[in-house]
Amino acid sequence: MRTDLCDLLGVDHPIVGFSPSEHVVAAISRAGGFGVLGCVRFNDAAELDTVLTWLDEATEGRPYGVDVVMPGKVPTEGLPADLGELIPPGHRDFVEQTLQRLGVPPLGSASDRPGVLGWLHSVARSHVEVALQHPVRLIANALGPPPPDVIAQAHDRGLLVAALAGRADHARGHVAAGVDIVVAQGYEAGGHTGEIASMVLVPEVVDAVGVPVLAAGGIGSGRQIAAALALGARGVWMGSVWLGSSEYHSGPALRDALLQAGSSDTVRSRIYSGKPARLLRNRWTEAWSESDAPAPLPMPLQNLLVSGAHDRLMASGDPTVVPMPVGQIVGRMNEVRPVSAILTDLVTEADETLSQIHKLL
């Protein structure tokens with residue numbers, strides 16, 4: 001299984017693996033795929049620089065990329081220095097009351113973590129500035145095309161630019177802005193995702209643009225990779241499947257929740273970041289659908305609101321409340337295995353499936 005995407009990225013297999021874990025990213029690249037590090041969790045540019053320096057060595061010379069969350073619209077002036085001032089007291093009261101009702105204890109020590117600031121344009125821009133100082137091959141943006149100057153800087157350094165799209169018209173706009181690769185992400189995907197299913201979206205995007213298209217959303221097996229290629233994609237973008245890898249270091253509560261979940265145990269909601277994102281369905285997400293729940297705040301205020309709650313939920317040790325973005329493919333995550341084993345099985349099954357299809361001709 002090889003497409004022109006392999007030559008474009010310098011990899012053995014047309015499999016792009018997204019993860020917030022640098023350990024997963026390094027393992028994907030070493031195994032012949034293309035690892036992409038999610039940068040949104042880094043509030044501090046210096047911390048990201050340290051992690052990318054580690055990746056430069058851990059990938060053993062194999063290419064890798066980064067993914068930023070850079071809003072398309074630059075925020076207007078006049079915002080308060082402390083964005084927390086914009087969060088209504090009623091929202092804070094609801095979060096605290098919900099945590100108490102769910103039996104989630106306070107943290108053992110006070111946490112002054114400000115929340116995930118990677119949703120902010122200024123922080124995302126700092127991520128790009130750091131990435132440009134490392135030998136990354138690609139910069140992807142989860143919220144459409146980056147600003148023109150960012151695309152120009154990437155191209156000047158020989159980097160590729162990718163952007164996620166949930167509709168064909170969005171994909172056309174991405175390419176017009178200078179994006180080199182479009183990730184067609186279907187409704188089934190984890191994290192931020194649109195409303196069109198992959199089976200419909202991928203061929204629409206392929207027909208709409210003249211650049212390589214990666215299929216994303218609901219892909220967790222070699223058969224699904226073969227299906228994506230049949231729909232016209234040059235490769236796949238996979239994220240959720242790596243949450244079940246041994247390189248993804250998570251607590252036992254999250255691990256149990258992922259292994260026990262079925263494909264119907266997710267929900268698409270704005271409660272995580274302020275934009276629609278697919279998450280594990282559990283008692284925390286259900287609380288936000290009750291009649292007394294306030295409407296989620298816009299990005300980035302919603303994540304600032306719930307960040308402390310996420311810390312408490314993760315530390316609770318209760319798999320029925322852990323907050324985690326994940327796609328519907330979670331139903332196939334039934335055991336913990338190394339990234340190399342997962343990728344080998346994906347490639348083997350895709351090759352076998354493509355051979356079977358060829359026999360039908």
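Met199 lies in helix 8. The model is a predicted one. With a relative accessible area of 56%, Met199 is exposed, since the cut-off for exposed is over 50%. Gly217 is 18 residues away from Met199 in sequence, and the two C-alpha atoms are 9.6 Å apart in space.

Helix 8 also has a helical partner. Helix 7 (residues 168–176) packs with helix 8 (residues 198–208) at an angle of about 35°, and the two axes are 9 Å apart. The crossing of helix 7 and helix 8 is right-handed. From helix 7, the contact is made by Ala168, Ala171 and Arg172; from helix 8, it is made by Leu201, Glu204, Val205 and Ala208. By class, the residues of this contact comprise 5 nonpolar and 2 charged, with no polar ones.

Helix 4 (residues 89–101) consists of 13 residues. From first C-alpha to last, helix 4 reaches 18 Å, close to the 18 Å expected at 1.5 Å a residue. Which residues of helix 4 are buried? They are His91, Phe94, Val95, Thr98 and Leu99. These residues are on the same side of helix 4 because they cover an arc of only 130° around the axis. Pro89 and Gln100, on the other side of helix 4, are exposed. The buried residues of helix 4 pack against helix 11 (283–287) and helix 12 (301–315). Just after helix 4 comes Gly103, which has a positive phi of about 75°.

Helix 2 (residues 22–30) has 7 of its 9 residues buried, so it is largely enclosed by the rest of the structure. Those buried residues are Glu22, Val24, Val25, Ala26, Ala27, Ile28 and Ser29. What covers the buried residues of helix 2? The cover includes both strands and helices: strand 1 (15–19), strand 2 (34–38) and strand 3 (64–68), together with helix 3 (45–58) and helix 13 (339–359).

| Helix | Buried residues |
|---|---|
| Helix 2 | Glu22, Val24, Val25, Ala26, Ala27, Ile28, Ser29 |
| Helix 4 | His91, Phe94, Val95, Thr98, Leu99 |

Notes. Residues are numbered from 1 along each chain as its sequence is written. This is a predicted model: local features need pLDDT of at least 70, side-chain atom pairs count only at pLDDT 80 or more; totals for chains, interfaces and linings use all residues. Side-chain values use heavy atoms; hydrogens and water are left out. Axes are lines fitted to C-alpha atoms, for helices over the stretch in contact, and angles run from 0 to 180 degrees between N-to-C directions. Helices (H or I, at least four residues) and strands (E, at least two) are DSSP runs, numbered from the N terminus. A crossing is left-handed if the near helix is turned anticlockwise from the far one by less than a right angle, and right-handed if clockwise. Contact means heavy atoms within 4.5 Å. Ala, Val, Leu, Ile, Met, Phe, Trp, Tyr, Cys and Pro count as nonpolar, Asp, Glu, Lys and Arg as charged, and the others, Gly among them, as polar. The expected span of a helix is 1.5 Å times one less than its number of residues. Buried means under 20% relative accessible area, exposed over 50%, partly exposed in between (1.4 Å probe, protein chains only). The arc is that of the directions from the helix axis to the C-beta atoms.
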